[in-house]
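Please look over the sequence and the model below before reading on.

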Amino acid sequence: MKKKQKALVTGATKGIGRAISQKLAQKGYHVYLNYHRDHEAACSIENTIKSEGGSCQLLRFDVSNQEEVEKSLQPLCQNESLAIDVLINNAGIMEDSTLVWMSPGSWRKVLGTNLDAFFYVTKLVVKNMIVQRKGRIISIASTAGQAGMKGQVNYSASKGGIISASKSLAQEVASRGITVNVVSPGFIETEMLEGLDFKKIKNQIPMKRLGTANEVACAVMFLASEESSYITGQVLSVNGGIYM
Ligand code: NDP
């Protein structure tokens, strides 16, 4: 019998991560749903997936805390039957201010959650992919990591780091049948953008609208699929034309 494919989505319980998790489960993956604080949101996506006949399991850990990451993922990574075939590095936060007013804490917190986490999680998961000689690693960056954005020096640095780290890793593991790619969303209507002036933002976007979490998830699903087998080290922008 063919073994069930497994996927880990970090920050799986809201917005983009939630949409990706639901689609992966609909495709037949067993989905490890990582989250940090909001247990109610986590139960909600777990219930949705299970009510659709999908298979998933909650994994609560802080992606920026190496000890927590190792404690949660090592048991999966050491057991071949539980190991992860598709990794989606999605968890991310913003803490905006101009550089002059940015605190060292704010710099570290954003870099820790958005970039250190790439190192902690991917390092553990990729080992088994190398043994299996297959795997998909997809990380969520941002237009800010490609073009920069005022008030987001910390966030842009973290997302630019994800892009270049992914390109380097793609070269390291390409001969092992593992692809490493990035999806880079523009403005997507999720909790993360709460409080922003959508009318002003829409005017700057050639398509004159924000994107949906579902539109980002569709791009991720393509890169996770067999159909993308010769694509690695790439950045796929999902941004309504705001950065070309
Ligand atoms: P949301 O704020 O809607 O959701 C964030 C998710 O990440 C939640 O599930 C949250 O779980 C989880 N999370 C946050 N911190 C941690 C942590 N330390 N450890 C584990 N999980 C954590 O974000 P979006 O869906 O909008 O964003 C998803 C990704 O897309 C991010 O990387 C973001 O930077 C990127 N992005 C988003 C854009 C947008 O316009 N929305 C644009 C470009 C990129 P909990 O609530 O339990 O902490």
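By class, the lining of the largest cavity has seven nonpolar residues, five polar ones and one that is charged. The model is a predicted one, and it holds one cavity of 30 Å³ or more. The space in this cavity comes to about 80 Å³. Its lining is made up of 13 residues, and those nearest the centre are Asn89, Asn90, Ala91, Asn114 and Ala117. Helix α4 gives the most, with five residues.

Beyond its neighbours within four places in sequence, Ile162 is in contact with Asn114, Leu115, Phe118, Ser139, Ala141 and Val182. Asn114, one of these partners, is also among the residues nearest the centre of the largest cavity. Ile162 and Ile140 are 22 residues apart along the chain, and their C-alpha atoms are separated by 8.0 Å.

In α4 the residue to look at is Val125. Is Val125 buried or exposed? Its relative accessible area is 1%, so Val125 is buried. With residues up to four places away in sequence not counted, Val125 touches Leu8, Leu73, Cys77, Ile84 and Leu87. From Val125 to Gly135 is 10 residues in sequence, and 9.5 Å in space from C-alpha to C-alpha.

Which residues of α1 are buried? They are Ile16, Gly17, Ala19, Ile20, Ser21, Lys23, Leu24 and Ala25. An α-helix has 3.6 residues a turn, so residues three or four places apart point the same way. Within α1, Ser21 has a relative accessible area of 0% and is therefore buried. Its contacts, leaving aside neighbours within four places in sequence, are Val9, Ala12, Val31, Leu33 and Ile49. Just after α1 comes Gly28, with a positive phi of about 100°.

The model also has open spaces at its surface, and the second largest pocket is one to examine. About 450 Å³ of space lies in this pocket. It is lined by 21 residues, with Tyr29, Arg136, Ala224, Ser225 and Glu226 lying nearest its centre. The elements β5 (135-140), β6 (178-185) and α8 (213-224) each supply at least two residues of its lining. By class, the lining of this pocket has seven nonpolar, seven polar and seven charged residues.

The cysteines come next. How many disulfides does a search of the whole structure find? The search finds zero. For Cys43, the closest cysteine sulfur is that of Cys56, and at 10 Å it is too far for a bond, since a disulfide needs the two sulfur atoms within 2.5 Å. Cys218 is likewise in no disulfide, and its nearest cysteine sulfur, again in Cys56, is 20 Å away. Cys43 is partly exposed, with a relative accessible area of 25%. Cys218 also counts as partly exposed, at 41% relative accessibility.

Finally, the backbone has some residues that call for a second look. Most residues other than glycine have a negative phi, and most peptide bonds are trans. Arg133 has a positive phi, near 55°, and is not a glycine. Where does Arg133 lie? It is in the loop between α4 and β5. Arg133 has 49% relative accessibility and so counts as partly exposed. Lys208 is another residue other than glycine with a positive phi, in this case near 60°. Lys208 has its place in the loop between α7 (198-204) and α8. With a relative accessibility of 47%, Lys208 counts as partly exposed.

Technical notes:
Residues numbered from 1 in each chain as written. Predicted model: local features only at pLDDT ≥ 70, side-chain atom pairs only at ≥ 80, totals over all residues. Heavy atoms only, no water. 1 Å grid on protein atoms, 1.4 Å probe; cavity = no way out; pocket = protein on both sides within 12 Å on 5 of 7 lines; lining within 4 Å. Points joined across faces, edges and corners; volume = space filled by probe spheres on them. Helix = DSSP H or I, 4+ residues; strand = E, 2+ residues; numbered from the N terminus. Nonpolar A, V, L, I, M, F, W, Y, C, P; charged D, E, K, R; others polar. Buried < 20%, exposed > 50% of the residue type's maximum accessible area, 1.4 Å probe, protein only. Contact = heavy atoms within 4.5 Å.
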